[in-house]
Amino acid sequence: MRKLAHLLLFIAAFQMEVRVRASESMSFPENCLGKTVPCSFKVTTDKWSFESGNIKLNAGQGAILIAQDEKSKEWKLVSGTLWAQNAPSVKIKTVNAVAEGSSGQYWVLAESDDRVVFRNITSKLVLTFKDQTKLEVPRGFEVWVGGINSQAKTEHGMVEPINLKQHLKAWYELYPGSRTQFVSEVQDLKDQWADLIEQSGDIYKKVAERKLAALDEKKRQLMEIKRKQEEERQRIRNEFHKRVFDQ
Amino acid sequence: MGFGCDFGLVLFLILRSSQFFHGIADKQPMKRVSNSLFVIVCLSITVGLLWGYNEFTNYFNQGKEYQVQVHQLREQIEKEEFKNTLLQNQLTDFKQSVAAVLPPNSEIRNDVASYEMKNFASALRVPASEAQLDLSGIIFEKGKKLFKEQKYDKSIKEFRRILDEYPLSRFKVESHFFMAEAFFLQKDYKSSLDLIDQMLQQYPDNDLTGFVMLRMGQISELNNRLEEASEVYKTVQTHFKNEQLRAQAHKLSEGVQVE
């Protein structure tokens, strides 16, 4: 009977179909990831994670990235979503701006050709636009960045609070931990961001005040020029008067 | 291929079984011989069934080769798309770099020598926050025309377009109003009430909100909620200053009292 059982097992194994799937990575040049730079690759799995030293990056399915530096300090996001979980002094380039953050989390979302969204969660994030101007995105805020406009300036939106509800979907898709961990982290963020609207009001106020101050300064400069012109005119008149009448 | 393998396997089993049978025939009693025969028959049936199953699945999987080909072609297309995206991105990056270096459009002189440069800058740059082309007026007129022709379904679609595509349009309030009216005239009171609610929240002081509130009262009347209807008419009379609206509300309120 044992022999029969062995035989049946052998037959069953003999009938089994074995499939070997080809490698699922897509890169250019072929199989360059981790070997050569620059290396462009597309994430074809559910998510992609990279960890080297204290750098932790995650990208969603369909994201296209270019590794530009051997020490993993420079990356370019062509399209898709990139979550820099911890990327101190790492540069994330896009067609419109370069993001550089301290340790902490931030997101880069290049969902459409013309706009890229930068979301700062817990990092100190500074964006350098194509026109070389810089913008700091505070924690809990996001900004969209577009192309160069007819004034040779980079188009970008107002720095505004992150809509947590919208953000959760993208975050959950890339989150590596369990559901309970995720819920607890979300709760933490929710508590931290409770006064964001108030903060955004302060930011807008500061921007408005800065603009008003700039306008005041301009006005003051104009007044100063006028005053100097008036003084000069007065001096010339006096000189003329002196020459004509005091002789 | 499957058939060949299975056939070989059957032969192998028969040969092994016959060897076994010959080896024990003269030594073992008849009972063991019949047991062996039973085992061979069972094995043959099992192998036969497996072979039959294989043939069956092969018959229904004849398109497999084509499926493999399609899969390979898809992979090839994906690779091509990936390379195209990379090139496109490189080109956009380069365009942006050039656009950043060129002077602002306003500073490029308007003479023949700078003509090419001006065209070049315009082609590379996005318009500086230029307002979106507002077609809401045309859509609104179309919706109104359809409403007058009593084609309420179509008119609702046009007004909905205004709300979705032009959220800052000056025709937004009127679009809300006409949609609420169209739903009311179609006797879709629930949708009408939803829109009236939206109007009450978004434009509480607008006269048109007062007019749709009269519809609200009428819906309450239709549902035999006379007190509620009367309350709505009173609210319109006290909250709005438009004489025509107040007169209508008064008239309707009297109607409720008569009943």
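## Helix pair in chain B

H7(B) and H8(B) are roughly antiparallel to each other, a label given to angles over 145 degrees, as against under 35 for roughly parallel, 65 to 115 for roughly perpendicular and oblique for the rest. The two helices pack at an angle of about 160°, and their axes are 7 Å apart. Axes here are lines fitted to C-alpha atoms, for helices over the stretch in contact, with angles from 0 to 180 degrees between N-to-C directions. Helices (H or I, at least four residues) and strands (E, at least two) are DSSP runs numbered from the N terminus.

The side of H7(B) in this contact consists of His176(B), Met179(B), Ala180(B), Phe183(B) and Phe184(B), which meet Tyr189(B), Ser191(B), Ser192(B), Leu195(B), Ile196(B), Gln198(B) and Met199(B) of H8(B). Contact is counted when C-beta atoms, placed from the backbone, lie within 7 Å. By class, the contact of H7(B) with H8(B) has eight nonpolar, four polar and no charged residues. Nonpolar covers Ala, Val, Leu, Ile, Met, Phe, Trp, Tyr, Cys and Pro; charged covers Asp, Glu, Lys and Arg; the others, Gly among them, are polar.

## Model and numbering

This is a predicted model, in which local features need pLDDT of at least 70 and side-chain atom pairs pLDDT 80 or more, while totals for chains, interfaces and linings use all residues. Residues are numbered from 1 along each chain as its sequence is written, and chains are lettered from A and ligands numbered from 1 in the order in which they are written.

## Backbone exceptions

Most residues other than glycine have a negative phi, and most peptide bonds are trans. Lys187(B), not a glycine, has a positive phi of about 65° and is found in the loop between H7 (172–185) and H8 (189–202) of chain B. Lys187(B) counts as exposed because it has 9 C-beta neighbours inside 10 Å; the cut-offs are 12 or fewer for exposed, 20 or more for buried, and partly exposed in between. In chain A, Ser89(A) has a positive phi near 45°, lies in the loop between strands S6 (74–86) and S7 (90–93), and is exposed with 11 such neighbours.

A cis peptide bond joins Phe28(A) and Pro29(A), with omega about -5°. Another cis bond runs from Val37(A) to Pro38(A), with omega near -5°. Pro29(A) is in the loop between S1 (26–28) and S2 (39–42) of chain A, and Pro38(A) is in the loop between S1 and S2.

## Contact between the chains

Chain A places 26 residues in contact with 29 residues of chain B. H1(A) gives the largest share of the chain A side, six residues. That side divides into 12 nonpolar, nine polar and five charged residues.

Methods
Two residues are in contact if their C-beta atoms, placed from the backbone, lie within 7 Å.
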